[in-house]
Structure formats: C-alpha cells, structure tokens
Amino acid sequence: MVCVERAAPIGSYEVVRLGVWKALDVVAKGLILEGKKVLLKPNVCAPVAWDTGAVTNPLVVKAVAEWMFERGASKVDVGEDPIIGVNLSKAYELSGLAEVSRELGVGLLHLASEGAVRIEVPRGEVLKDIEVSSLLSRYDLWVSIPVMKTHILTTVTLGLKNTKGVLPAKSKRKMHFIGLDQAIADLYTVIKPDLVVLDATLCMEGSGPVNGTPKEVGLVLASRDPLPLDVVASWAMGFEPEKVAHIAYAAKHAGLAPSVESVSVTGYWPLPKRLGFEPPPTAKVLSRSGVDVIYGDACSGCVAVVEITLRRLEQSGELEEVLKRLGGLTIAIGPRAKLDKARGRLFVVGKCLYAQKERGIYVPGCPPIGFQMLDAIRAEAGLEHVFPLEEALKEANELYSFLQTAKKSTT
Ligand code: SF4
C-alpha cells in the first residue's frame, strides 16, 4: 500500500509534519517502535541547500524522527554515504539536517564509518554479492527518505535507488560497472528499508540528480515497500513505470505488474492531474564545436552521461580550455562505435567498448558515473579532479574479466 498526503506550504513545519504523520499513521500501523533504534537514510548526495531540490527537505526528516520518538523509539540517527569527494559534515550543514540534529538530539553518521559486510544476492541477474554498511545491523529498523527527482541515468531516483545509498563507495561503483538498472533491481531482492517516506515537497526535474531545476510539488508519499511507492511516484511524475528500467526489473523480480492500477493507493489520491516533470536529457548529445561523438548504437545511459558531462564543463566555463589543451575531444559510445575517425583526444566509454579500451582513455561503467566521466576528461586536460580513474580501471578489469574470456574463446 502507498499513502499520498499533501505537505504544502513546503516551508511550514506544522504542515509538513501533519502530512508525514498522516502518511506514516496509515502505512506503519501496527509497527512496534517502543524501545527500538531507528536509522533514517535521507538523500544528501551533494553539499547543497535543500531548496535546490537535490537533497531531502530537512523538515520531512524531522517529522519522521519526531513520529518515531512519539511512538517510543529509544534512539533515532541519520546516516548517509555521499559520492566520493563530498564532505559529509558540510553536506549535512548545508542541507539543514545539522540543525535538525541539534534540535532533536539525533546523530548524524557516515554510513561508511564502521566498514561493510558482504552479502550474497542469490536471485541477482547481474549482482551476485555486494557489500553493505555494517552500521545497518546496529539498528532495529531503517527508514529510507529519498527526494523525488529525475535522474540522467535511471530516469527517476526514488525509493529503489535510495537503497543504493547504504552501500560503500566501491559497491556503488560496482553497481554502475555491471549494469545500473538491473543491479538496483537485484539489490531490491536482498535489502529493503522497513519504511519509505518519499519527500515530494520540493523536487527536481530535468538534469537531475544534481544539476536539474527545483520543482515545488507539496506532497509526501509513504509505503513499507519501495517498489509500489516507485510505481506510484514515477507515474505521478509523468513517467510510465513499466518504461523505467529499474522499476520494471524490480517488478519482474517481485512477480508483479509495474502498473499504477496494480497498487493500492490511499490518502490524497487520485491526484487532480499528473505532475508533468521535465524528463532528463537522454535522447541525444547536443552538437558542440570541437566535440565529436561517435555513436555505436549506444543506449540512453551513455548518451545521457556524455551530454551531462559536456553541460557540466560548459557550466563551469572549462569546456573551451579543455578543448584547447586536448586539441579537440572525441567520445565513443555504444557497442558498434568505429574508433578510427577520432579528432583530438579519444575517450572510449562504457562496458560495451571494454574490448577496445586500449584505443583511448577508457571510462568504465554501464553507464559510467557522471562525475567519473567528468573527472576523466578534467584529469586528461591537467585540471583538478577527485575520482581516481586508475582505481576504477582496476575494478573494471576484475569485473569485466568475463568479457575478456569470452573474447579469447571466440578468437
Ligand atoms: S555501456 Fe553500453 S549498454 Fe551500458 S549504458 Fe553504455 S551503451 Fe548502454
């Protein structure tokens, strides 16, 4: 079951609290919290203020924490493990969560602080095992609190994708390397939050998850299961859930139809109309002077990552300098890319082109992590970067060894 409630005006704590509590009262009915230790996992992916729409509204997190205390929870903490290079203390401060922590006495933790445990994924299609933050086992239950956003690689980022946040950095990279959409669905078969509260107060549309446009919606959604929640939320945003790959794959694992009609929805539902989110840019890479893209039947994942990388270089004012330093830029994507017409420096991108990795600067992933792609170009141009490409290549060589074996056996 999914409960949808109104939470606008979004800056009023009393209104947001009422929406969150009404939704939790419905979906968490019967959940015993007396004396329990609860971990809240919001989305604090970047060091930015919550009014950007990129991170969870701290008022939603505060409302969830207070609801837990009201029902007898003995301890409530917040945990996150952001992308490499992000200072988590700064991110907590900017997001407004540090203030919530001071007000309510909840801890702000780094999920990587106590190492990780390896778990098997027996029903995984691409994911056979994965490491998960050890901190989770110190809590009786955990609550996922994502924010409703579009995502250049996965169309939307909601409950299913927020679960990836409890993995250490290396495991997150692994998910990208082996096939992100299927890996998210495989992860769902072994790790689920006890509750999901989706912050749809201030959201993000367009080039999410970080560079998109804030969109005020004024809703909260809650469920005990991220799959039905994602089906309802993506439909509400304007995306057919059966066409959002990770939702469709997770539904297949669960033996369910990924359609909104198959989910029981209560509260402020049906919505007066769908929310009409601007989709992420996945259709093509815009043409830019000095940049060539060699397409070899690439799917939308690699297309989106190249487009967002070039946009980020433009926004930071570095694209011109990069092109000058590298004498032009050619980026090859897709399994059938022909690499002999490269101008300037050639970047060979994605798992599909692993067999041709020696032909240029190779960036692994399926699709690659956006900031890793950006950093690979910046590093080659002699600009400051944080993602260690050598480490990523080492991991990719281990993960893609089966591709080499397959190649050898056919030659
Ligand atoms: S590596 Fe291949 S399959 Fe993976 S996202 Fe890129 S083009 Fe698509």
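Domain bounds, as used here, come from an automatic or database domain assignment. The model is a predicted one, in which local features need pLDDT of at least 70 and side-chain atom pairs count only at pLDDT 80 or more, while totals for chains, interfaces and linings use all residues. Residues are numbered from 1 along each chain as its sequence is written.

The chain comprises domain 1 (2-267) and domain 2 (291-410). Taken over C-alpha atoms, the centres of domain 1 and domain 2 lie 30 Å apart. To their contact (C-beta atoms, placed from the backbone, within 7 Å), domain 1 gives 14 residues and domain 2 gives 21 residues. On the side of domain 1 that touches domain 2, the largest share, 5 residues, belongs to helix α6 (residues 169-178); helices are DSSP runs of H or I with at least four residues, strands are runs of E with at least two, and both are numbered from the N terminus.

Attention now turns to the sheet. Strands of a sheet pair through backbone hydrogen bonds, either parallel or antiparallel. Here an open sheet of 4 strands runs in the order β13-β14-β15-β16 with parallel pairing, where two strands pair if DSSP finds at least two bridges between them. Its edge strands, β13 (291-295) and β16 (361-363), each pair on one side only. Strand β14 (residues 329-333) joins strand β15 (residues 345-349) in the parallel sense over 5 bridges, and L329 stands opposite R345 in β15. Helix α10 (residues 300-315) packs on this sheet and touches β13, β14 and β15. The direction of helix α10 makes about 160° with that of β14, with axes fitted as lines to C-alpha atoms, for helices over the stretch in contact, and angles running from 0 to 180 degrees between N-to-C directions.

Definitions and conventions. Two residues are in contact if their C-beta atoms, placed from the backbone, lie within 7 Å.
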